[in-house]
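I opened the model today to go through its sheet, its metal site and its packing. These are my notes, in the order in which I looked things up.

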Amino acid sequence: MNKHLMLIMLSSALAIQSSPANSATAETAANASTTSTTSSKKPLGTLANNPFATASSLMYEYPPFDKIRNEHYAPAFAEGMRQHNAEITRIANNRAAPTFDNTVVAMERAGQMLNRVSTVFTNQTSTNTNPVLETLSRELAPKLAAHQDQIFLNTQLFKRVSKLYEARSSLNLDAESLRLLERYYTDFVRAGAKLAEADKTKLKAMNAQLATLATQFSQNALKESNAGAIIVDNKADLQGLSDGELSSAAEAAKARGLNGKYVIPLMNTTGQPFEAVLANRALRQRLHEASVARGSHGGEFDNRDVILKIVRLRAERATLLGYPNHAAYGLEDETAKTTTAVNKMLGELAPAAVNNARLEAAELQKLIDAQQGGFKLEAWDWAYYTEQLRKAKYSFDDSQLRPYFELNNVLENGVFYAASKLYGISFRERKDLPVYHPSIKVYEVLDADGSSLALFIADMYARDTKRGGAWMNAYTEQSGLFGTHPVIANHLNIPQPPAGQPTLLTFDEVRTAFHEFGHALHGMFSKVKYPRFSGTNVPRDFVEYPSQVNEMWATWPEVLKNYAKHYQNGEVIPQSLVDKIGAANQFNQGFTTTEYIAASLLDQRWHQLTPAQIPNDALAFEAQALKQAGVDFAPVPPRYRTTYFSHIFGGGYSAGYYAYLWSEVLDAESVEWFKENGGLSRKNGDWFRQQLLSKGGSIDPLLSFRNFRGRDPKIEPLLIRRGLQSGQK
Ligand SMILES: [Zn+2]
């Protein structure tokens, strides 16, 4: 089945920008045992009513969304950074000889207020933003980068960490503690701790500029997506849209003061969902061109120069840190390790994927010709004729499935049901906890023995104030050190149905819901001591693995029958339709794999440049890079083009977009394992949870896979799944 290449905004990726302690919100009481005098002080006068001043008193330190106002953030950030600095200074200047506890664990405990405010702020700017938060975000980005540098480039502090690191084999540390020490040492070195003072100064300036540019890129991307929405005057042009979609488009127009017109909003990917249904070819073309033009058609929010500045600075920073390029720097910390390994995988799979896409294109052209279309297949025709072909081949299309995929059913009787069968957990809706938007639901998650495990926030709908894509985040991370329970959120972008109508999902959206919940399980089942290793704090090219595995339950017959019920009459989805979904699994895989690989290759090309190789023209470079990589097949453009590729320029996936395919090797292997062992059962779920989901980053990720699977991964199941077997010859 084609994979959902969705963004998970890793808490680790975020925390790297804010707090090296990377810690979950934690009880103040736990911190009182440290040598701190400042952190046990009462908050400053101006912070007396600031909800970030102390840990939330709500269950599991769930954020008090009803009390948080725009004006609380700036003072909380200022005080959070001040406290954190004071804590770090005390650790660095401690006269006592360094010990694991007074140095590494002390750092792990530090920065709690900053962590509290930055966790909520980052998520609010992603899900519920406003002009005040956007301005603050631009102001804070360089300050937070400087704050991080002040810690990692602190000479005294690094001396203590180094001393411990060199003596690590004689410290009698347990395995997780030893790993934490090694992790901190690596974090320091990678952040530039070994550089000469003059170079440290240069590095700080680069980091501050990069933080500002990434924020600018993201804000431009959101504004361009909103501004790029297509306005349609006549209903007749919208043939192919369902009544519900028409009403939504009319309401979206009304919301913009365009009564009587229709608005089609842009999703974050190159391909737009309505391209699959709009019969009007000119309108499909308009929609597609609006999508690909984002960030590159001039005006205030053009991202072309921003990108060139970002890649130049990243390349220069990598050089300063002793790496040939930014990708080499980034990949060193991933399970892939080297650009050679990533280039090899993408390079081997690309020709087979493009070949498959060309075969698919030929079939689509045949269909166009048979209908006397009289035109050559273009990118904006692909989805439209693919849907027709799907209908012809498998006699079903997405619109037949939607009545069976009502949102609440999908979530509670599908996603939750599968997790209950596998792990014995159960869910209880909590209406007493405050939410930041009325459409959001909160659940308490109970473990198999009935004890309370976590809180889960489901934020499923698209809004103009929310960035595109789907992702998971942790508001509170599990940790034994602080005794914290997880508070985990999933975010999707399902279009709001017209008033009074049910929310009916596409199959892609169903799969995304399962995918994101796979990340949620990774966060909720975490059972580690240190926050640094909690849940999804694992390499990027490993983190997509558990979430991808969880997608398998979306089509598992026992699960499907439990949730896929017609919203009007409750009738279970007919077996014939279920069989068709299964049979169509490899359909359109050439397209899906090619658009993904093209984006991954773009990411690598941009980030494998040396400073001397930075081009002057972003779009020309993009075209040339796709051509050189052999993926410049016009009907299948990259899933994201450079100027709206937020994963790599705005988020934490730079040089890391390949991670989804890399993780999929482990995913495909694990799906095989579940099938070989009887599928959906407590025994299988518990084993996966125990060996993998609970471990977070506390052990080597590939070792946890080996412990789970009983051997090293093989690539064959992935090649079969994506129809890429020929790529290996
Ligand atoms: Zn994901």
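Sheet. I took the strand order of the open sheet: 5 strands, running S3-S4-S5-S7-S6, with mixed pairing. The model is a predicted one. I then looked for the edges and found strand S3 (426-429) and strand S6 (471-476) there; each has a single partner strand, so one side of each has no neighbour in the sheet.

Pairing of S6. I checked how S6 meets strand S7 (residues 487-494): the two pair in the antiparallel sense over 5 bridges. I looked up Thr476 as an example, and its bridge partner in S7 is Val487.

Helix over the sheet. Which helix lies across these strands? I found helix H18 (residues 507-524), which lies across S3, strand S4 (441-446), strand S5 (452-461), S6 and S7. Its direction is at about 165 degrees to S7.

Zinc site. I listed the residues that coordinate the zinc ion: His515 and His519, each through NE2, and Glu544 through OE, at 2.0 to 2.1 Å. Along the sequence, I wrote the spacing of the donor residues as H-x3-H-x24-E. Are His519 and Glu544 buried or exposed? I found both of them buried.

Cores. I looked next at the largest nonpolar core, which has 148 residues. Phe405, Trp553, Tyr563 and Trp606 have the most contacts inside this core. Helix H14 (residues 339-370) gives the most to it, with 13 residues. I followed up Trp553: leaving aside neighbours within four places in sequence, Trp553 is in contact with Ala418, Leu422, Phe514, Val559, Phe674, Gly679 and Leu680. I also found a second, separate core of 29 residues, which includes Phe77, Met113, Val117 and Leu140. As a general remark, nonpolar side chains tend to be buried together in soluble globular proteins.

Helix H27. I went through helix H27 (residues 701-709) for buried positions and found Pro701, Ser704, Phe705, Phe708 and Arg709. Why do the buried residues line one face of the helix? Seen down the axis of H27, they fall within an arc of 120 degrees, so they line one face. I then looked up what these residues pack against: helix H8 (175-190), H19, helix H25 (659-676) and helix H26 (682-693).

Methods. Residues numbered from 1 in each chain as written. Predicted model: local features only at pLDDT ≥ 70, side-chain atom pairs only at ≥ 80, totals over all residues. Heavy atoms only, no water. Core = buried A, V, L, I, M, F, W, Y, C linked by side-chain atoms within 4.5 Å. Buried < 20%, exposed > 50% of the residue type's maximum accessible area, 1.4 Å probe, protein only. Helix = DSSP H or I, 4+ residues; strand = E, 2+ residues; numbered from the N terminus. Contact = heavy atoms within 4.5 Å. Pairing = 2+ DSSP bridges. Axes fitted to C-alpha atoms, helices over the stretch in contact; angles between N-to-C directions. Donors = N, O, S within 2.8 Å, 3.2 Å for Na, K, Ca; no water. Arc of directions from axis to C-beta.
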